[in-house]
Amino acid sequence: MKMIIGENISKIYVEKQLLHNVSFSIQEKERVGLIGVNGTGKSTFLKIVASKESADEGTITTSSDYKISFLSQKPNLDENLSIMEQVLDENTSINNIIKSYESCLSKIQEDPMNEKIQSDLMHYQQQMDSLNAWDHSSNAKAVLNKLGIEDVTVKVGQLSGGQKKRVALAQTLLQNPDLLILDEPTNHLDFETIMWLEDYLNKFTGALLLVTHDRYFLDKVTTKIFELHNGHLYTYLGNYASYLEAKAIRMEELEKTETKQKSLYRQELEWMRKGAKARTTKQKARIQRFEKLEENVKVNNEKTQLEMVTAGTQRLGKKVLELKDVSVTFNNKVILKNIDLLLKQKDRIGIVGPNGAGKSTLLNVLASKLVPSAGELEKGQTVKIGYYTQEQEDMNGEQRIIEYIKEEAEVVHTEDGQMISASQLLERFLFPPHSHGTPIRKLSGGEKKRLYLLKILMSQPNVLLLDEPTNDLDTETLTILEAYLEEFPGVVVTVSHDRYFLDKVVTELLILDGSGTARRIFGEYSDYLLEQQAKKQLEKKEAVKSVEQPIRLEKKQLRLSFQEQKDWETIEERIADLEIELERISKEIEKAGSDYGKISELMESQNMKSEQLEALMKRWEELSEKVEAIQAQKAGSK
């Protein structure tokens, strides 16, 4: 059985202990989710496991042929390569011949009569046959298509940030590793693509280690949870729901222990204050015990949960915000069209829709950051908006954390009349006192997001506009943010793709479908998505029925594409070769006797060949149906 083992891993980064004697193991087919507050070292842990970064101490052990593929949050792609070239960038014989074949195919389309190119194409086709590379090429295009990438000839440099992340994800998935490491794989993915990825990973035969803020995704994919906290790694068996239950039990036990320690600590503190001298061995031992106890209490007293303060807000009048017949046009393209929207007290609205549908544009109009091309925005006199944007404001990297927060307010007045200082609020947001003087440039991306969120809440708004607030925030921060929003007395309008977050926070949805218009409905986002999925499946069935009409009614002449013709000419021979190979492997397994190492290798090869055969059989069925349809069409036209 293949596995990876880490022993006593330690890592210090910018004077902060991220990992302290961490040990772990990931076995074959295990699905591990990594959880931890932003800044605790999740991405660093992934990089160390993937050998992209070295640990200060400790060892990671694998078998000699153990292969790891790693998707980082910000993948480094070659912008001069085409999408297909990037996806097949790994230096393997199959990848190299596919790239040569694809390049030659592009050339012959430009110059079909060139004999040299024709000769090269024939040569590459023969090599594709000998290496069984057709299936790998088809699989690469299929994965890209599922991730929303259709034209594989486009240069990577022409893609948006979200599209680049999808290409990097496809490249990582196609490397067929023993361990797949994914850092926030669901960012920039829509619901259908996330559902496909869930299914893909559940069928994946290797091991998986991932970080994600999508808790539904985490719950459906994982079988084991690693929690990183204060440099230590805790392991929980089961998915995210199982982790929450086990974590609650552990915290209850910790609280019982902490209560006993605090009582003992008070006794020891009283003894120390009496001025005990460390003269005898007994007194020295007691002082050492006190120092150790003091450290334990200090650690246990660190907040393990992000506390959000419901600050006092100015009361909203009956009129909050209203859009009247609002339209927005950019470069003659209609983004929003004749939008009417009335926001009332305590509204909880989620704005959803495909990328480019105008969701962020609508928030900018509501925040008065963008003047509409037509229509008007009416705003109540008592409205005070807090706007959390995707880009967030430019932060001065040299500015201290405490200085950044004090720019907004020195203190916050809560609804029950308390006054909380900026320093106290930072502590409640998991910034311990020793970090308050830290320059912002030393923070992780998630910590900067948390700091930015705190500053917005300190402004004590009564209308919160949130643009993709779940991106780059950890699950613990999100859980407490959701609890805060439940108690928030004002209006919340949020753009998000996060199903879990929307289901917990909003009570109605504003649907932007890309046409510029908006539709407002009540209910949970997950229910809406399931309804849309059912509707699409019904539409597909109807489309299939229409295709099943007599072929003679089809005006367009059916024919095989160039690639389909090549597949059809060789597919039966490739199927026969695989069947012979599988028969040979079965005989080898029988002869192996008790040589379990050899049996394991043979069975892996058998599984891989069986999957290839299954894919070829499906391809043969598709092509044979099309060939029959072409023959029937020809017969009908005579």
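Colleague: Where does the charged end of Lys 455 sit?

Modeller: A charge sits over a ring if NZ of Lys or CZ of Arg is within 6 Å of the ring centre and within 35 degrees of the ring normal. The charged end of Lys 455 sits over the ring of Tyr 404, 4.1 Å from its centre. Likewise, Arg 450 has its charged end over the ring of Phe 431, 4.9 Å from the centre. The model is predicted: local features need pLDDT of at least 70, side-chain atom pairs count only at pLDDT 80 or more, and totals for chains, interfaces and linings use all residues. Residues are numbered from 1 along each chain as its sequence is written, and side-chain values use heavy atoms, with hydrogens and water left out.

Colleague: How many aromatic pairs does the structure hold?

Modeller: Rings of Phe, Tyr and Trp (its six-membered ring) pair if their centres lie within 6.5 Å; planes under 30 degrees apart count as stacked, over 60 as edge-to-face and the rest as tilted. The structure holds 10 such pairs. One of them joins Phe 24 and Phe 226, with centres 6.2 Å apart and planes at 65°, so this pair is edge-to-face.

Colleague: In which strands do Phe 24 and Phe 226 lie?

Modeller: Strands are DSSP runs (E, at least two residues), as are helices (H or I, at least four), numbered from the N terminus. Phe 24 is in strand S2 (residues 16-27) and Phe 226 in strand S8 (residues 224-229), so the pair ties together parts 202 residues apart in sequence. Ring pairs link Phe 24, Phe 45 and Phe 226 into a cluster.

Colleague: Is Phe 24 buried or exposed?

Modeller: Buried means under 20% relative accessible area, exposed over 50%, partly exposed in between (1.4 Å probe, protein chains only). Phe 24 and Phe 226 are both buried.
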